[in-house]
Amino acid sequence: MEQAIRAEIERYVQKSPDNRRPGGGEPYFEVPLVGFAAADDQIFARYKEIIGPFHLTPQELMESDFGNEARAATVISWVLPIGRTTRESNRKQETWPSREWAETRTFGEVFNVTLRRHMVGWLAEKGHLALAPQLSAKWREMGDTPVGIASTWSERHAAYAAGLGTFSLSDALITQRGIAHRLGSVITDLALFPSLRPAVDHRSNCLFFREGSCGMCIDRCPVGAISQEGHDKAKCRSYVYGTVPQAVGDMYGVAATGCGLCQTKVPCEAMIPPSEKGE
Ligand code: SF4
Ligand code: SF4
């Protein structure tokens, strides 16, 4: 069944017209990565300490949607790698994201929502309970928490639990296909074999944490939101959700532009970066 789910997500990403630029152009996203985490993995309980008590477990979300008798078994998580042309266009940018990047942030994420709905329906057709945390009534953003802006379900942390990547200096997730992507997940009562978490630790795909090198994302950020101390979420958010859409949102015809300068023209853009020390 794991392979059938992978195949269905891949098929939908490759075939859906919603994953195409207007006029049937290039897809927003390339071939996805898919991983599975056991819903009772203790890591989800630990997220209440690491992120905050407001972060929900798969079981809490399952009960919220389907009642106390329902049992969450698996979190299915996916990585949608952003297409090469879009990444290349953003590499050239120094201040604002490219048009292609901004369109991917808005219309690519619309596709990601349809993929969440599609997989919930696909599992339901096969007799399984399923929900997409980001579409749940329980999903909400928490403004002021000890870890800054957070939400009741983190797609990045779900993807980490499912063995799909590790965290970066810039607070994103570096996967086998790099850091330039969108993430999604679905929780189901279908028991599936959990994926291994192959990384040495939760930050080992980032060169800065692995060997003290790189730091290229620091220079790519136009507002100084990344430093050797990490990622300033508030500064980043103010730029990504305030300054950038005000400056180029109308011109690009989108409300959400993203930014992603720290995710392009960096060694982790589309892969787990190899050592810079020749090791
Ligand atoms: S650019 Fe370098 S330091 Fe920044 S996240 Fe990528 S690997 Fe880590
Ligand atoms: S998304 Fe943009 S503003 Fe935020 S850290 Fe990256 S480069 Fe800086």
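Guide: Happy to. Ligand 2 is surrounded by 13 residues, with C221, C236, C259, L261 and C262 the closest; a residue counts here if its C-beta atom, placed from the backbone, lies within 6 Å of the molecule. Before we go on, please note that this is a predicted model, in which local features need pLDDT of at least 70 and side-chain atom pairs count only at pLDDT 80 or more, while totals for chains, interfaces and linings use all residues. Residues are numbered from 1 along each chain as its sequence is written, and chains are lettered from A and ligands numbered from 1 in the order in which they are written.

Helix α9 (residues 233-252) gives the largest share of the shell around ligand 2, namely 3 residues. Helices (H or I, at least four residues) and strands (E, at least two) are DSSP runs, numbered from the N terminus. By class, this shell holds 10 nonpolar, 2 polar and 1 charged residues, where Ala, Val, Leu, Ile, Met, Phe, Trp, Tyr, Cys and Pro are nonpolar, Asp, Glu, Lys and Arg are charged, and the others, Gly among them, are polar.

Ligand 1 has 14 residues around it, of which S168, C206, C214, C217 and C268 come nearest. Two elements, α7 (207-211) and α8 (216-220), each give two or more residues to that shell. The shell around ligand 1 has 11 nonpolar and 3 polar residues, and no charged ones.

What does β2 pair with? It pairs with strand β1 (residues 33-38) in the antiparallel sense, over 6 bridges, and pairing requires that DSSP finds at least two bridges between the strands. G35 has S77 of β2 as its bridge partner. Strand β8 (residues 181-188) also runs antiparallel to β2, joined to it by 8 bridges; there, T74 is bridged to T188.

One last stop is Y47, in helix α2 (residues 42-50). Y47 is buried because 20 other C-beta atoms lie within 10 Å.

Key. A residue is buried if 20 or more other C-beta atoms lie within 10 Å of its own, exposed if 12 or fewer, and partly exposed in between; C-beta atoms are placed from the backbone.
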